[in-house]
Amino acid sequence: MTATDQQSWNQRYIAGEFGYREPDAFVTEAHPNYLQPLLPAGSAGLDLAGGAGHHTVWLAQQGWRMTLADWSEAALAVAQEKAAPLALHPPLITVQGAALDVITRFQEQGTAFGFILVSFFLDRAVLPLLPRVLEPGGLLLYRTYTENNEGLGNPRGPRNAEYLLRSQELLEVYRGMKILHYNETVVHKGVAELIAQH
Ligand SMILES: C[S@@+](CC[C@H](N)C(=O)[O-])C[C@H]1O[C@@H](n2cnc3c(N)ncnc32)[C@H](O)[C@@H]1O
């Protein structure tokens with residue numbers, strides 16, 4: 001991705017393209033089924049490339065200490081607007097920057113999270129780094145488009161193979177982790193989802 005891509009994401013958020021959205025079932029179901037049973041209450045979570053925070057804010061309301069990272073400052077501003085009336089405690093932390101830089105910085109600082117959520121974002125350089133910023137026993141929740149999305153006529157999602165997972169790719173990258181859940185679907189859109197434990 002380039003600075004132009006970053007600007008175009010900013011423009012989309014400024015234009016209000018992403019208004020209020022309910023969190024996806026992948027996240028609301030992971031909360032009782034994986035996060036609560038496997039992590040200490042109030043663990044720190046990172047929503048990487050989390051946009052305007054529709055997952056982050058919901059997770060923070062469930063008691064997780066959330067950090068939202070995205071390279072769009074407009075998206076982060078929308079998330080903080082959503083969080084403000086909720087008086088979250090602890091407050092939502094937002095980090096602006098490219099995902100690769102953000103993760104590299106966390107690693108250098110020795111910062112680690114109880115879980116990381118990545119939803120509809122792919123930067124292959126970032127994939128192998130994620131376990132390095134997970135605590136032992138920490139969870140990775142990953143869900144994004146696969147190459148199958150192309151053939152299904154779904155108008156949404158990237159066209160460029162750089163941003164589309166290959167079949168089984170997440171399983172290959174995270175083969176060193178304990179795979180708790182993996183699914184690839186081709187109903188309306190091509191999506192792969194993985195939940196794995198460090
Ligand atoms: C499709 S949206 C997904 C947002 C959110 N995770 C969700 O599930 O709704 C992709 C997000 O990734 C961000 N993004 C794209 N490339 C990025 C990069 N290299 N580093 C950080 N954020 C990036 C965009 O600003 C945008 O908010």
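Six aromatic pairs were counted, where rings of Phe, Tyr and Trp (its six-membered ring) pair if their centres lie within 6.5 Å, and planes under 30 degrees apart count as stacked, over 60 as edge-to-face and the rest as tilted. In Trp-9 and Phe-18, the ring centres are 6.0 Å apart and the planes lie at 25 degrees, so this pair is stacked. The structure is a predicted model, in which local features need pLDDT of at least 70, side-chain atom pairs count only at pLDDT 80 or more, and totals for chains, interfaces and linings use all residues. Residues are numbered from 1 along each chain as its sequence is written, and side-chain values use heavy atoms, with hydrogens and water left out.

Phe-18 is buried, with a relative accessible area of 15%, whereas Trp-9 is partly exposed, at 28% (buried means under 20% relative accessible area, exposed over 50%, partly exposed in between, with a 1.4 Å probe and protein chains only). An edge-to-face pair is formed by Trp-64 and Phe-115, with 5.6 Å from centre to centre and 80 degrees between the planes. Both Trp-64 and Phe-115 are buried. Ring pairs also link Trp-9, Tyr-13 and Phe-18 into a cluster.

Arg-12 lies over the face of Trp-9, at 4.5 Å from the ring centre; a charge sits over a ring if NZ of Lys or CZ of Arg is within 6 Å of the ring centre and within 35 degrees of the ring normal. Trp-9 and Arg-12 are among the residues nearest the centre of the largest pocket, which is lined by 45 residues. A pocket is an open set of points on a 1 Å grid over the protein atoms alone, where a 1.4 Å probe fits, with protein on both sides within 12 Å along at least five of seven lines; lining residues have an atom within 4 Å of a point.
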